[in-house]
Amino acid sequence: MDQFLSNISLLFEFPIVNLKIIIDGVMIGALFALAAYGLALVWGVMNVKNLAQGDFVIAGGYVSWWLVQQGVPALLGVPAAFIVMWGIGWVAYKLVISRVIERDLFTSLLATFGLAIMMAQLMNLMFGSDTQSVDLGYDTLYFADGLIDVPIAKLIGVFMAALLAAGVIVFMKSSRMGQAIRATAQDARAARVLGIDTEKVYAFTFSLNAAICGAAGAIIVMVWIIQPFYGITHSIRAFVIVTAAGLGNLPGVIAAGLGIGALEQYGAHIFGIGYQQAIAVLLLLLVLIIRLIQQMKNRQVLK
Amino acid sequence: MMEKNKIILYSVVLAVSFLAPFVFPDFGTQLATLWLMIIVSLTWDMTGGQMGYNSLGNIFFYGVGMYVAAVVAIGLVYDVGEYTNASGGGIYKFTNEQYFTGLFLGLLLAGVICSITALIIGFLTFGLRGPYFAIGTLGVAIAGGELVSNWDWVGGGQGIALPVYPGDLDDGKIFFYFLFAIVGIVLFLFLRWFYQTRFGAAINAIRDDEEKADAMGIHTLRYKLITWSIAAFFVGIAGGISAFQLIHFEPLETAFQTINLGIFMVVCVLLGGKGTLWGPVVGAILFHVFKEVTWNYFLGWQWVALGALIIVTVVYFQDGVLGWLAHKKPEWFGIRVEEKSAEGSS
C-alpha cells in the first residue's frame with residue numbers, strides 16, 4: 001500500500017513523469033485503436049463479436065518477427081503481415097465465421113473463442129512461448145534532461161498506424177467495396193435486394209479486419225513485445241475500446257484507444273507491471289458497468 | 001412403466017458410481033475429475049441452459065472456492081501469511097482432527113462465500129445481456145486470477161501447498177472421489193426437483209423472453225441472482241474439494257483456469273444438450289472420456305484439438321446428444337409428435 005502511495009506522490013512531485021506516461025500510453029494506444037477499429041468493423045457489418053481479434057494481432061506480429069529472422073528488413077514486415085493475415089482471415093471466415101453469422105450471438109462468441117484458443121496454441125507450438133520483439137536499431141530521442149525518452153522506432157510505429165488508419169478510412173469512404181460494406185452494415189437485406197453480394201462483402205470485411213490486426217501486430221512487435229498467449233488481453237482491450245466508444249464512432253474509437261493506452265500506463269506505474277493484464281480487464285468491467293448505468297437511465301418502466 | 005424405467009436407470013447409475021472406484025482403482029483420480037466435470041457442467045447449465053445467461057466466468061467461483069477452503073483450513077491452525085511464505089515447508093504439521101475440521105469447514109465456507117460473491121457480481125453484471133454478459137463474466141474470471149496472483153498473503157503466483165491427506169494414499173483417492181460424488185448426486189437430485197418447481201419455470205421464462213417475464217410480474221433480477229448464487233455454491237464446494245485433492249495449486253493455471261475447465265464446462269453442456277437435466281452429465285462423460293483417451297496421443301496438439309472441438313460443437317452440433325436424440329426419438333422423452341394424417345379428412 002505504501003508503495004502505491006509513494007508511486008502516486010511521485011506523479012505530483014515530478015509532473016514531467018506524467019508527460020512521459022501519457023506519451024508512452026498514447027503511442028501504444030494508437031495500436032490498440034487499430035485493432036479495435038477492425039473489431040468495430042466486423043461487429044457493425046456482420047454482428048459477430050470476434051474474440052480471436054487479439055490472436056490475429058499476435059499472429060501478425062509473429063509473421064513479421066519470422067520474416068526478420070529470415071533477414072527481411074523489419075519495416076517490410078508490416079505489409080507482409082497485412083497480406084498474410086488477409087489470407088488467414090479469409091480462411092477463418094470461410095471455415096468458421098460464415099457459418100455463425102446467422103446464429104445467435106453466443107454461438108459466434110464461443111466459436112471465435114475456440115478459434116482464439118486454437119491460434120494461440122498453434123503459435124505456441126510453432127514459435128515457442130518466449131516473449132519476442134524486433135529491434136529496429138534506431139536511436140532514442142531524449143527530452144527534459146533524459147526524463148522523457150522517445151524511441152524513434154515507436155514514432156515510426158505510430159506514423160505507420162496513422163497511415164494505415166487513414167488508408168482504411170479513405171477506402172471505406174470512396175471505393176465501391178467500401179460503399180458496399182457500409183450499405184451492408186446499414187441494412188443487409190436491403191443491400192441484397194439492391195444487388196450487393198453480401199456474402200462477398202462479409203468475406204472481404206473479415207479478411208480486412210484480420211489484415212488490419214496483422215499490420216497492428218507487426219508494428220507492436222517493433223515497439224513492444226509479443227507472446228502467444230497475450231492475444232486474449234488484446235481482444236479484451238479491443239472490446240473495452242469499442243464498448244466505450246460505441247459502434248460506428250471512429251473518432252470515439254481513436255480517443256478511447258489512446259485513453260486506454262494512457263490509463264494502462266498509469267496503472268502499471270502506480271500498481272506495478274504485474275497488474276497490467278488485470279488493469280486491462282478491470283477497465284472492461286468498469287466500462288460495461290458504466291454503460292449499464294447509462295442505459296438504466298433511459299429504460300422506461302411502468303410503475 | 002416410465003417410472004419403473006427411471007427407477008432402474010437411477011439405481012444402475014448409483015450402483016455404478018458407488019462401485020467404480022473399487023472396480024477401477026487405478027483410475028481413482030480420473031473418476032473424481034469426471035465428477036468434478038459433471039458438477040461444473042450441471043451448474044453451468046443452470047444459468048446457461050435454463051436461464052439463457054451464458055457465463056464464461058463460472059470458473060471464477062471454482063478459484064474462489066479453492067482459495068477460501070485453503071485459507072480457512074490453514075488459518076484455523078497457523079498464520080496464513082507465514083504459511084504461504086514458507087510454501088508449505090516441513091515445519092507445518094496438521095493432526096488428523098485439524099485436517100478434517102479444516103476440510104469440512106473450508107468446504108462449507110467456500111460454498112457460502114462463493115454464493116455471496118455471486119450475489120455481488122451478479123448484481124453488477126446481470127443487467128448485461130447476451131454476449132456482453134459472457135464477456136463481462138470472462139473478464140471477472142481473468143481479473144480474479146490476475147489479482148490473486150499478485151496477492152502475496154495467499155502465496156502470489158506460487159499458489160498454496162496444502163497438507164497431504166493423512167493416511168493411506170489410495171484411501172485418500174477414494175475419499176475425494178466420494179466427496180465429489182456426493183456433491184454431484186446431491187446437486188443432481190436438487191436440480192431434478194428444482195427445475196420442476198415454479199422457480200424453475202420462472203427461470204425458463206427468463207430464458208425465453210425476459211421482457212415478457214418481467215411484464216408478467218416475475219422479479220427477474222431476484223430470480224437470476226438466486227439461481228447464480230446456488231450454482232456458485234456448488235462450484236465453490238467443488239473448487240474446495242479440488243484444492244485438497246490437488247494438494248498444491250497456483251492461481252492462473254489451476255484455480256482460475258479460464259481456458260481449461262472454464263471452457264470445458266461450456267463444451268460439455270453444448271455437447272450433451274443445453275437446457276436438459278441429463279445433457280450436462282452425458283456431455284461431461286463423453287468429453288472426459290474423449291479427452292482422457294486422446295489427450296496423450298496429441299503431443300502438444302491437444303489444445304489445438306480442443307479449439308477445433310469447440311468450433312465443431314458450436315457450429316455443427318449445438319443441440320447436443322440429447323437434442324439430437326429428442327429429434328430422432330421423441331417418444332423416449334415423452335414428447336408426442338402429431339403425425340400429419342395423409343387422408344386429409346378427419
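Residues are numbered from 1 along each chain as its sequence is written, and chains are lettered from A and ligands numbered from 1 in the order in which they are written. As the model is predicted, local features need pLDDT of at least 70 and side-chain atom pairs count only at pLDDT 80 or more, while totals for chains, interfaces and linings use all residues.

The predictor's scores for the complex are an ipTM of 0.78 and a pTM of 0.84. Confidence in each residue is given as pLDDT, on a scale from 0 to 100. The average pLDDT of chain A is 84, and 96% of its residues score at least 70. The elements named here are DSSP runs numbered from the N terminus, either helices (H or I, at least four residues) or strands (E, at least two). In chain A the lowest mean pLDDT of any element, 74, belongs to strand β1 (residues 140-143), and the highest, 91, to helix α3 (residues 53-69). In chain B the lowest mean is 75, for helix α4 (residues 80-85), and the highest is 92, for α10(B).

Next comes the contact between the two chains. Two residues are in contact if their C-beta atoms, placed from the backbone, lie within 7 Å. By that criterion, 32 residues of chain A and 31 residues of chain B take part. On the side of chain B that touches chain A, the elements giving two or more residues are α6 (130-148), α12 (261-272) and α14 (302-316) of chain B. Of these, α6(B) gives the most, with twelve residues. Residues are also sorted by class: Ala, Val, Leu, Ile, Met, Phe, Trp, Tyr, Cys and Pro are nonpolar, Asp, Glu, Lys and Arg are charged, and the others, Gly among them, are polar. This side of chain B has 21 nonpolar, nine polar and one charged residues.

Chain B is itself divided. Its domain assignment gives domain 1 (29-257) and domain 2 (259-335), with bounds that come from an automatic or database domain assignment. The centres of the two domains, taken over C-alpha atoms, are 22 Å apart. In the contact between them, 22 residues of domain 1 of chain B meet 21 residues of domain 2 of chain B. On the domain 1 side, two or more residues come from each of α2 (28-48), α3 (59-75) and α7 (169-194) of chain B. The largest share is that of α2(B), with eleven residues. By class, this side of domain 1 has twelve nonpolar, eight polar and two charged residues.

Cys268(B) is a residue of helix α12 of chain B. How is Cys268(B) classed, buried or exposed? Cys268(B) counts as buried because 29 C-beta neighbours lie inside 10 Å; a residue is buried with 20 or more other C-beta atoms within 10 Å of its own, exposed with 12 or fewer, and partly exposed in between, with C-beta atoms placed from the backbone. Leaving out residues up to four places away in sequence, Cys268(B) touches Met37(B), Ser41(B), Pro280(B), Gly283(B), Ala284(B) and Phe287(B). Pro280(B) is twelve residues from Cys268(B) in sequence and 6.1 Å from it in space, C-alpha to C-alpha.

Leu105(B) lies in helix α5 (residues 96-125) of chain B. With 15 C-beta neighbours inside 10 Å, Leu105(B) is partly exposed. Between Leu105(B) and Ala69(B) there are 7.7 Å from C-alpha to C-alpha, at a sequence separation of 36 residues.

In chain A, one helix pair can be followed in detail. The axes of α6 (residues 152-174) and α7 (residues 176-186) of chain A come within 5 Å and cross at roughly 75°. Axes are lines fitted to C-alpha atoms, for helices over the stretch in contact, and angles run from 0 to 180 degrees between N-to-C directions. α6(A) and α7(A) are therefore roughly perpendicular to each other; angles under 35 degrees count as roughly parallel, over 145 as roughly antiparallel, 65 to 115 as roughly perpendicular and the rest as oblique. Phe171(A), Met172(A), Lys173(A) and Ser174(A) of α6(A) meet Gly178(A), Ile181(A) and Arg182(A) of α7(A). This contact has three nonpolar, two polar and two charged residues.

Finally, two loop residues have positive phi values. Asn47(A), in the loop between α2 (15-46) and α3 of chain A, has phi near 55° and is not a glycine. Ile247(B), in the loop between α10 (220-246) and β2 (248-249) of chain B, has a positive phi of about 70°. Asn47(A) is partly exposed, with 15 other C-beta atoms within 10 Å, and Ile247(B) is partly exposed with 14.

Terms used: pLDDT is the predictor's confidence in each residue, from 0 to 100.
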